[in-house]
Amino acid sequence: LGMIVDAVLLRIARPTLEVNAPKSTGVGNSFFVPFKLHLQRGPLRVTVRSEVDAPLEEGPDTHIVADHGTTEHAIELNAPHRGEGTVYALWSRINGPLGLMRRIDRHEVEAPITVVPNVDRVRKLALAHFGAQPMGGTHIQKRVGDGGELDSLEAYQPGMDLRKVDWKSSARHQQLQVRRFRVEQNQRVVLCADTGRLMADPIDGVERLDHAIHAMLLLSRVALKAGDLVGVHGYDAVPRTWAPPGGGGRQLARIRQAVSRLRAAPEETNHVLGVHSLLSKLKRRSLIVVFTEFTDPTTAELMVEYLAHLARRHLVVFVALEDPDIEEPMRRFPENAVDLASTVVAGELRQARQRVLRRLQRSGVDVVTGPPGPAALRLLNRYVQIKRRGLIG
């Protein structure tokens with residue numbers, strides 16, 4: 001009799017779901033999809049589960065007690081990778097008032113959601129570097145003694161650098177005149193991303209390539225504000241993406257489109273072909289920022305050789321993201337044999353990595369390392385230093 005009562009009440013409930021899914025979300029986010037649940041009878045205990053495809057992942061089930069009528073709720077989803085995902089359906093499971101029967105329904109949704117580079121992470125990195133100042137007001141100021149282009153002459157004041165005195169102009173004016181320089185503009189900055197299999201390794205749940213893309217978007221926005229020309233080059237076994245250097249507000253949109261097409265392929269990276277392709281596209285000295293990864297000195301031989309060859313003609317900055325899984329065993333005291341073995345292996349990997357980075361530095365490559373967030377900020381500081389010192393040429 002109790003089962004019959006539960007069955008009748010569940011049949012009368014007639015649940016319907018109306019979903020309002022977002023069009024896009026940032027990679028690495030956990031986000032909520034709101035929905036409206038309508039019951040013809042209540043209150044009833046309802047469990048809602050999602051049905052999605054990659055790159056989206058299901059989140060925890062949503063447990064609610066819904067009253068009669070329409071109520072609003074949300075279900076959590078995860079987006080660990082970039083791409084085009086779809087929420088196919090939401091499943092509802094309703095328990096009868098007596099707990100003897102359950103009703104399970106599948107509600108069609110077919111809502112596409114695009115997982116894009118995480119703008120919120122880029123904004124947080126910008127705020128960490130610039131404070132509360134909005135990115136729209138960011139610019140590199142003219143500074144005395146910085147840059148390589150002559151801006152003006154001004155009268156000498158005590159404390160100024162005597163090496164900046166223009167003696168010919170001083171003779172004409174019968175007064176010491178000091179050269180004032182400004183930061184050069186219209187210099188080329190190329191963001192070069194390795195899209196091989198090693199860039200698919202996750203750091204804090206997000207692929208290395210996605211961390212690199214966030215740093216690329218941050219640097220490109222600052223460089224474009226500074227008046228430089230920014231381009232994108234992506235390669236793995238073969239060259240994949242090329243966005244020629246350009247300036248202005250529209251170039252930032254082109255860079256976003258270019259980096260959104262980057263995918264970590266299950267292939268070994270061919271640095272020989274990638275660097276050769278890049279050299280054929282660049283006719284004048286440029287700042288090249290390389291985002292890549294290596295596992296051991298043997299596999300890094302060709303990478304070091306060809307980056308050194310690239311550094312003979314251009315200014316190269318190599319960005320290496322540290323993996324917390326390697327650094328963590330070295331920070332804690334080993335308590336057993338397993339911890340000790342992990343510390344030894346992590347130490348050997350770290351030493352091998354440092355040897356490769358030192359070889360790159362001896363070859364004239366500027367190296368920036370650190371966890372994803374701090375590495376992006378160090379890269380930004382390095383770019384500002386390069387601009388102020390006029391090193392691009």
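Reader: Which elements each supply at least two residues of the lining of the largest cavity?

Author: This is a predicted model in which local features need pLDDT of at least 70 and side-chain atom pairs count only at pLDDT 80 or more, while totals for chains, interfaces and linings use all residues. Residues are numbered from 1 along each chain as its sequence is written, and side-chain values use heavy atoms, with hydrogens and water left out. A cavity is a set of points, on a 1 Å grid over the protein atoms alone, where a 1.4 Å probe fits but cannot get out, and its lining residues have an atom within 4 Å of a point. Helices (H or I, at least four residues) and strands (E, at least two) are DSSP runs numbered from the N terminus, and the elements that each supply at least two lining residues are H4 and strand E18 (315–321).

Reader: About how much space lies in the largest cavity?

Author: The structure holds one cavity of 30 Å³ or more, and among the residues that line the largest cavity are Met 199, Arg 208 and Phe 291. With volume taken as the space filled by probe spheres set on the grid points, which are joined across faces, edges and corners, the space in the largest cavity is about 40 Å³.

Reader: Is Leu 198 buried or exposed?

Author: Leu 198 lies in the loop between strand E12 (188–194) and strand E13 (202–203), and, leaving aside residues up to four places away in sequence, Leu 198 touches Arg 208, Glu 293, Phe 294 and Thr 295 (contact means heavy atoms within 4.5 Å). Buried means under 20% relative accessible area, exposed over 50% and partly exposed in between, with a 1.4 Å probe and protein chains only. Because its relative accessibility is 15%, Leu 198 counts as buried.

Reader: Within what arc do the buried residues of H5 fall?

Author: The buried residues of helix H5 are Gln 251, Leu 252, Ile 255, Ala 258 and Val 259. Seen down the axis of H5, these residues line one face of the helix, because the directions from the axis to their C-beta atoms fall within an arc of 120°.

Reader: What is the omega of the cis peptide bond that joins Ala 54 and Pro 55?

Author: Most residues other than glycine have a negative phi, and most peptide bonds are trans. Pro 55 is placed in the loop between strand E4 (44–52) and strand E5 (57–58), and the cis bond joining Ala 54 to Pro 55 has an omega of about 10°.

Definitions and conventions: On a 1 Å grid over the protein atoms alone, a cavity is a set of points where a 1.4 Å probe fits but cannot get out, and a pocket is an open set with protein on both sides within 12 Å along at least five of seven lines; lining residues have an atom within 4 Å of a point.
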